[in-house]
Amino acid sequence: MDDSAPRLGPDTTARRWPEGGLARVPYWIYTDPEVYRAEQERIFCGRSWAYVALEAELPRPGDFIRTYVGEKPVVVVRDLEGGINVLLNRCAHRGVEFCQHAPGNAREFMCPYHQWTYDLRGNLMAVPFRRGVRRQGGMPEDFRLEEHGLTRFKVVRRHGVIFASLAEEMPGLEDYLGPTMLQYFDRVFDGRPLKVLGYMRQRIGANWKLMFENIKDPYHASLLHVFLVTFGLFRADQPSAVAMDESGMHSALVSMRGEQMASEGTAEMKSFKADFKLADPRLLDPVREFPGNATVVMQTIWPNLIVQQQSNTLAMRQLVTRGPAKFDLMWTFFGYESDPPEMTERRIRQANLMGPSGFVSVDDGEIMEFSQHGIDAFPRDQGVVEMGGRDVRNEDHMVTEAAIRGFYRHYRAVMGL
Amino acid sequence: MVDPALRDEIDALYADYAEALDDNRLERWPDFFVEDCLYKVVPRENWERGLPIALMLCESRRMLQDRVTAVRNTAVYAPRAFRHLIAQFRIKAETPERLRVTANYVVFQTLVDDLTRIQNAGKYVDLVVRTTEGLRFKEKICVFDSVLVPNSLIYPI
């Protein structure tokens, strides 16, 4: 408990990581505005490949969408040569967020304030009254258009997925993910053209890291998600695995679907309902479509992406930070262009499991807000992360919080905490 | 011109529907639909672009019942209360037994220790049919305006 008297002025003890190493997480990382500001610079604008879009959202030259890297607004646009550009959505003149319409198709971008005009690669093309009017005013002689383009991100693409970075030096995506994570990534993105099925978006009153923790925590999935467990989609005694790259920054939760039955995995779950049946079983009629036995793989990719494959429902879940205690979760559901109509139907139907109204993910959005409410008033307290030990290693079961420890090992290194 | 008696009948259907949801009599909700029905809650961006993903998709009354089962028994969420306001009906009779109805709606949500807030606002795009038991929904599509949902949307609208 934080029962000390209120202090004024700088508090140098407030931001010290507690004793207990990886098995403890201090609550101030979820509440402190200065930590949040540092995260924007070191994580989202640092050495990371942030997910921004699927190429299927931008099929034609000139197609663009608005999105975000961390909290920074960006425009993702396909140029006339077919290249993908990620541009800060901020006019180089006075900082106006110039692109308000999304999605769309454009030949150029013009800021509405003073009509500065940029090409699709962010180069400044024209400044009205640059030479003045009737020999009066105008830009100084030495003003160079080429010095005032939009801020451009580095871009990598792999099998239809687009990532962006502001860092000077970045490894390729393959090295960034590492061999184990690349294999999970390529399992869903195997080069087949993708088809976007639609969007869901929700604003959650919690710190963004709680979302990553949630997906890296299979312990909760086998307890909180009564729907998943009851219908055998995810259960503590099913063959499963928690895998990470060497740094712990990325991870994958892998499991295999079982039957609906009481077992050791449900014995300690007070809310298990063995006698529940779906009145319309079409909702849970998945077909195997990926090689191997896994029926669910939830992959988290630092710093802002969750790739969801649960049965036949596929989605990118992109995190957009909105301050220490708020983030937007943007879901892009997709399939493959080659899907037969009945597979598309199945994906759309199984989307009932996911999103703000999902039979499963409703629980997560609610719990994250409960967490934030519980934490908010106690920045000097700490959470316990000891399930499955106090270290970081890959496991072939789900009774572990190892991937949360791995995440924070990397987080602390990046943040210098 | 729509017959005033029919207009009153439609008004009563939506008033009963809203009352069942606002009074938390969720088990009654599927009764407002015919067996072979369609219920969807769709963000406007998907609707306008012809993208098929819906937040809720029920393709039969039995799927509506499954939604009720989940809300009542498996979902974990904070307690809340609702208030529906439904207005500006447009009624177009395809036949005396098949009525295309659109209306605007607002759903207010009140959480524990919090103010009443707008949870969802949009329009209903409905197909109402006459059955031996009275008017029922054959299709009810809730197209909501905001890109973003404030956290979760658990109960039907």
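Colleague: How many bridges join strand β3 of chain A to β4(A), and do they run parallel or antiparallel?

Modeller: Six bridges, and the two strands run antiparallel. Bear in mind that this is a predicted model. A:Phe64, for instance, has A:Val77 in β4(A) as its bridge partner.

Colleague: What does the hairpin of β3(A) and β4(A) have between the strands?

Modeller: Two residues, and in that hairpin A:Gly70 takes a positive phi near 65°.

Colleague: And which residue stands opposite A:Val76 in β5(A)?

Modeller: That is A:Val86. Strand β5 covers residues 84–88 of chain A, and five bridges join β4(A) to it, again antiparallel. The hairpin of β4(A) and β5(A) has five residues between the strands, with A:Gly82 at a positive phi near 95°.

Colleague: Why is β4(A) largely enclosed by the rest of the structure?

Modeller: Because five of its seven residues, 72–78, are buried. Buried here needs 20 or more other C-beta atoms within 10 Å of a residue's own.

Colleague: Now the contact. How many residues does it take from chain A and from chain B?

Modeller: 36 from chain A and 31 from chain B. On the chain A side, the elements that give two or more residues are β12, α5, β18, α7 and α8. β12(A) gives the most, with nine residues. By class, that side has 19 nonpolar, eight polar and nine charged residues.

Colleague: Which strand of chain B does β12(A) pair with?

Modeller: β7(B), residues 149–150, in the parallel sense over two bridges. A:Arg203 has B:Pro150 as its bridge partner there.

Colleague: Switching to chain B: what is the order of the strands in its six-stranded open sheet?

Modeller: β2-β1-β6-β5-β4-β3, with mixed pairing. β2 (56–58) and β3 (80–95) of chain B are the edge strands, each pairing on one side only. From one strand to the next the twist averages 20°.

Colleague: How do β1 and β2 of chain B pair?

Modeller: In the antiparallel sense, over three bridges. B:Lys40 has B:Leu57 in β2(B) as its bridge partner.

Colleague: Which helices pack on that sheet?

Modeller: Helix α1 of chain B, residues 4–22, touches β3, β4, β5 and β6 of chain B, and its direction makes about 155° with that of β3(B). Helix α3 of chain B, residues 61–74, also packs on the sheet, touching β1 and β2 of chain B at about 60° to the direction of β1(B).

Notes:
Residues are numbered from 1 along each chain as its sequence is written. Chains are lettered from A and ligands numbered from 1 in the order in which they are written. This is a predicted model: local features need pLDDT of at least 70, side-chain atom pairs count only at pLDDT 80 or more; totals for chains, interfaces and linings use all residues. A residue is buried if 20 or more other C-beta atoms lie within 10 Å of its own, exposed if 12 or fewer, and partly exposed in between; C-beta atoms are placed from the backbone. Helices (H or I, at least four residues) and strands (E, at least two) are DSSP runs, numbered from the N terminus. Two strands pair if DSSP finds at least two bridges between them. Two residues are in contact if their C-beta atoms, placed from the backbone, lie within 7 Å. Ala, Val, Leu, Ile, Met, Phe, Trp, Tyr, Cys and Pro count as nonpolar, Asp, Glu, Lys and Arg as charged, and the others, Gly among them, as polar. Axes are lines fitted to C-alpha atoms, for helices over the stretch in contact, and angles run from 0 to 180 degrees between N-to-C directions.
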